[in-house]
Amino acid sequence: SVQRALGAIRMDHESNVLQSSEQHGNNHNEVAATTSYAKVRRDGEATIPSLSVLASGEGGRKGGKLTKKNVPYTRGGDQGRSSLFTGERRAKDDTVFEAMGTVDELCSFVGVVHAELLASESSDYGDLPEWLLDVMSRLFDMGSHVARPRRVDDDDDDDDEDDGFDADGIGGGFHQAHIVALEDWIDVMTDDLPELTSFILPTGGKAAAHLHVCRTVCRRAERRVVPLVVTSSGKSCDPNVLRYLNRLSDFFFTAARWANYREGRSHEVLYKRP
């Protein structure tokens, strides 16, 4: 049968690989990695890449099997652990990676909105596309900072006003000026809008609906960052990150209203009581 034939092929191949590893000094991990790459074609034949082929595709900056250029895979996280920018390795469900992943998710949603605004030929969104580009860059900065958690000594003084974070542009902290910029942009958009007197529903145009998605994902990112800032085991993250996310969700809310306004949707979709 095909299964028996495949089993025989695997056993024969593993035997050859083991003999080759003894001759060339290959370690057990290389052998296991090679034998696990066996694939079955439709005709039932097994194709197994050689050790030399696998060795030439180490990933990352060393390139892949088919290119010498930097590739995004390294196989370093295949066991559910990954490295922070500090070099420390943690489980991928660690609070730091949860925060980083949610910030990354938020950035991608902002990219969707930005693409939507650029694709529109009927509306003028003013400075909003440029503001969204800045937000995406700041979210990159935020991810870089979260990926460098500061170690906190047990003897640290909780009342010390100097939190020790330095917004150095390489992940050391997050500058308060970015929070001020968000508040200014919110003010500019709000000045064009009618006074808000009721709850509004997260709809209208496509851009507005996407901005409301950004708002809700931003709130989740904020919740993920809280343990890194305020808990007893936290204080490894600049509090300005938390402040920025808190203000950013307000920015997305206002931007959603403003996008509808710029599209000529003068009547907002209001919540209605049953």
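Is Lys 62 buried or exposed? In this predicted model, Lys 62 turns out to be exposed, with a relative accessible area of 60%. That puts it over the 50% mark used for calling a residue exposed. Its salt-bridge partner is Glu 58, and the closest N and O atoms of the two sit 3.3 Å apart. Glu 58 has a relative accessibility of 42%, so it counts as partly exposed.

What about contacts along the chain? Among contacts with a separation of 6 or more, 65% come from residues 24 or more positions apart. As for the surface, the protein exposes about 17000 Å², and carbon and sulfur atoms supply 48% of that area.

H6 has 16 residues and spans 24 Å from its first C-alpha to its last, which is close to the 22 Å expected at 1.5 Å a residue. Its buried residues are Ile 179, Leu 182, Trp 185, Ile 186 and Met 189. Looking down the axis of H6, these buried residues fall within an arc of 120°, so they line one face of the helix.

Next comes helix H7, with 24 residues. H7 reaches 35 Å from its first C-alpha to its last, close to the 34 Å expected at 1.5 Å a residue. The buried residues of H7 include Ala 207, Leu 211, His 212, Cys 214, Cys 218, Glu 222 and Val 229. And what do the buried residues of H7 pack against? They meet three helices: H4 (95-119), H5 (128-146) and H8 (239-262).

The loop between H6 (177-192) and H7 (206-229) holds Leu 201. This leucine has a relative accessibility of 36%, so it counts as partly exposed. Leu 201 also belongs to a nonpolar patch on the surface, together with Phe 199, Val 269 and Tyr 271. Taken together, the four residues of the patch have about 400 Å² of accessible area.

Back to charged side chains. Side chains of opposite charge can pair when their charged atoms come close. How many salt bridges does a search of the whole structure find? The count is 13. One of them joins Arg 219 and Asp 250, with 3.7 Å from N to O. This pair links distant parts of the chain, since Arg 219 is in helix H7 and Asp 250 is in helix H8, 31 residues apart. Both ends are partly exposed: Arg 219 has a relative accessible area of 29%, and Asp 250 has one of 33%. Elsewhere, salt bridges that share partners tie Glu 88, Arg 90 and Asp 94 into one network.

Key
Residues numbered from 1 in each chain as written. Predicted model: local features only at pLDDT ≥ 70, side-chain atom pairs only at ≥ 80, totals over all residues. Heavy atoms only, no water. Patch = residues over 30% accessible without salt bridge, like charges linked within 9 Å, V, L, I, M, F, W, Y side chains within 5 Å. Areas by Shrake-Rupley, 256 points an atom, 1.4 Å probe, with all protein chains shown as cover. Salt bridge = Lys/Arg side-chain N within 4 Å of Asp/Glu carboxyl O. Helix = DSSP H or I, 4+ residues; strand = E, 2+ residues; numbered from the N terminus. Buried < 20%, exposed > 50% of the residue type's maximum accessible area, 1.4 Å probe, protein only. Expected span 1.5 Å × (residues − 1). Contact = heavy atoms within 4.5 Å. Arc of directions from axis to C-beta.
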